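I am opening the notebook on this protein and will write down what I looked up, entry by entry.

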Amino acid sequence: MIMRNEYLGQLISFRDKQLIKVITGIRRCGKSTLLELFRDELRKSGVCEQQIIAINFEDADFENLMERKALHSYIKKNLIPDKMNYIFLDEIQHVDEWQRTVDSLFIKNNCDVYITGSNAYLLSGELATLLSGRYVEIKMLPLSFFEYMSAMPDRTDLTRKYNMYLQNSSFPYTLELNRPKDIRAYLDGIYTSVVLKDVVKRKKIADVSALESVIRFMFDNIGNPCSAKKIADALTSGGRKISTHTIENYLSALCDSFILYKTRRYDIKGKQHLKTGEKYYVADIGLRYYLLGAQRADMGRALENIVYLELLRRGYDVRIGKVGAAEVDFVATNENGVVYYQASLTVRDERTLARELAPLDCISDHNPKYLLTMDEDPNVSHNGIRQINALDWLLG
């Protein structure tokens with residue numbers, strides 16, 4: 001079992017706090033395993049088995065608890081009155097009006113509640129207002145490259161393992177699969193579950209083939225500025241007429257299912273968010289390989305996607321930077337300040353290096369600036385801009 005220390009540390013720090021712990025993320029990214037790891041930590045600290053109530057609503061054994069009153073009755077019957085009870089409700093979106101049950105448990109002094117869900121609808125809508133101010137959200141992604149490497153017997157030949165990480169996927173269970181056809185079958189299952197269960201069913205989408213055309217377009221255009229009109233025009237010119245409004249609905253649903261992530265543009269000099277030119281990134285490059293094939297790999301944009309996800313994992317709010325007519329790949333902000341990043345597959349060509357450095361050189365403030373590349377060269381500084389190997393950064 002791969003240790004997900006960053007996420008596990010967050011759960012440990014919030015243990016016994018008067019907050020509902022909500023873990024969200026794409027299907028099969030490791031939410032259930034994270035809860036298993038945390039339950040092991042509880043046992044090690046002296047919590048007895050009777051204090052732990054764990055229910056996975058994708059397990060047919062718990063179908064009878066998908067009605068909120070039945071769920072509440074079951075949990076209440078199994079509570080130990082004079083001790084803290086740790087309640088784990090996995091994929092709780094399957095329970096209608098689940099917020100009412102969770103809210104009822106929250107107000108009890110001896111209940112510490114942990115829930116997971118595979119779409120952002122979990123914390124939206126009228127019922128979710130019941131939990132307003134009462135929960136903390138832990139946003140989970142598939143394995144980072146560091147976590148992926150932690151499962152390897154050695155750390156040699158990093159470039160080859162990075163390519164495996166991209167093509168074989170960052171979903172944890174793929175490390176248990178040795179044959180490419182088995183990995184492909186597993187990714188097909190994830191893709192189908194996300195599209196059919198989290199998007200088509202919830203949004204009541206009738207034209208599934210139109211949705212899949214949008215997904216293919218988005219996977220093929222990670223890191224490119226995209227608007228609903230641009231996507232609709234591209235698909236219409238390709239023979240599939242689709243409205244801008246429909247595209248907007250599809251994109252919203254895909255982001256809510258955590259298969260896509262949207263980031264907006266930010267005017268660095270004007271210090272304001274821009275309404276146009278947003279970009280999208282995919283939760284796992286392996287899904288992109290699965291859908292588009294290796295011939296559409298585009299390693300430069302794959303690296304940009306990986307850097308974007310890593311910045312999210314490290315707790316940054318991430319935007320695309322605009323500085324005059326130039327663009328900075330990422331403006332990453334957290335409580336400690338701002339960091340600027342450019343990601344490029346290689347900058348050994350002088351013109352490419354100059355092009356990548358130019359936007360960073362235009363920024364007049366003194367916040368850290370990084371150029372991440374796959375070049376296996378010594379770290380170097382270009383007028384204060386640190387050029388470092390992307391794999392070293394991912395493992396650092």
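The model is a predicted one, in which local features need pLDDT of at least 70 and side-chain atom pairs count only at pLDDT 80 or more, while totals for chains, interfaces and linings use all residues.

I then placed leucine 166 in helix 6, which covers residues 158–168; helices (H or I, at least four residues) and strands (E, at least two) are DSSP runs numbered from the N terminus. Setting aside residues up to four places away in sequence, I listed Ile285, Gly286, Tyr289, Met299, Ala302 and Ile306 as what leucine 166 touches, where contact means heavy atoms within 4.5 Å. Of these I looked up isoleucine 306, which is 140 residues from leucine 166 in sequence and 8.8 Å from it in space, C-alpha to C-alpha.

Next I turned to the nonpolar cores, each a set of buried Ala, Val, Leu, Ile, Met, Phe, Trp, Tyr and Cys residues joined through side-chain atoms within 4.5 Å. The largest has 100 residues, and among them Tyr162 and Leu260 touch the most other members. Helix 7 (residues 180–203) gives the most to this core, with nine residues. A second, separate core has 23 residues, including Leu71, Trp98, Val113 and Ile115. For leucine 260 I recorded contacts with Met218, Phe219, Leu251, Leu254, Cys255, Tyr280, Tyr281 and Val282, leaving aside neighbours within four places in sequence.

I also checked a charged residue, glutamate 356, which lies in helix 13 (residues 350–361). Glutamate 356 is buried, with a relative accessible area of 11%, and touches Gln342, Ala343, Ser344, Val347 and Leu371, not counting residues up to four places away in sequence.

Last, I wrote down values for the whole protein. Its secondary structure comes to 14 helices and 15 strands, and buried residues make up 53% of the 396 residues. Among contacts between residues at least 6 apart in sequence, 67% join residues at least 24 apart. The C-alpha atoms fill a box of roughly 70 × 50 × 50 Å, taken along the principal axes.

Conventions:
Residues numbered from 1 in each chain as written. Heavy atoms only, no water. Buried < 20%, exposed > 50% of the residue type's maximum accessible area, 1.4 Å probe, protein only.
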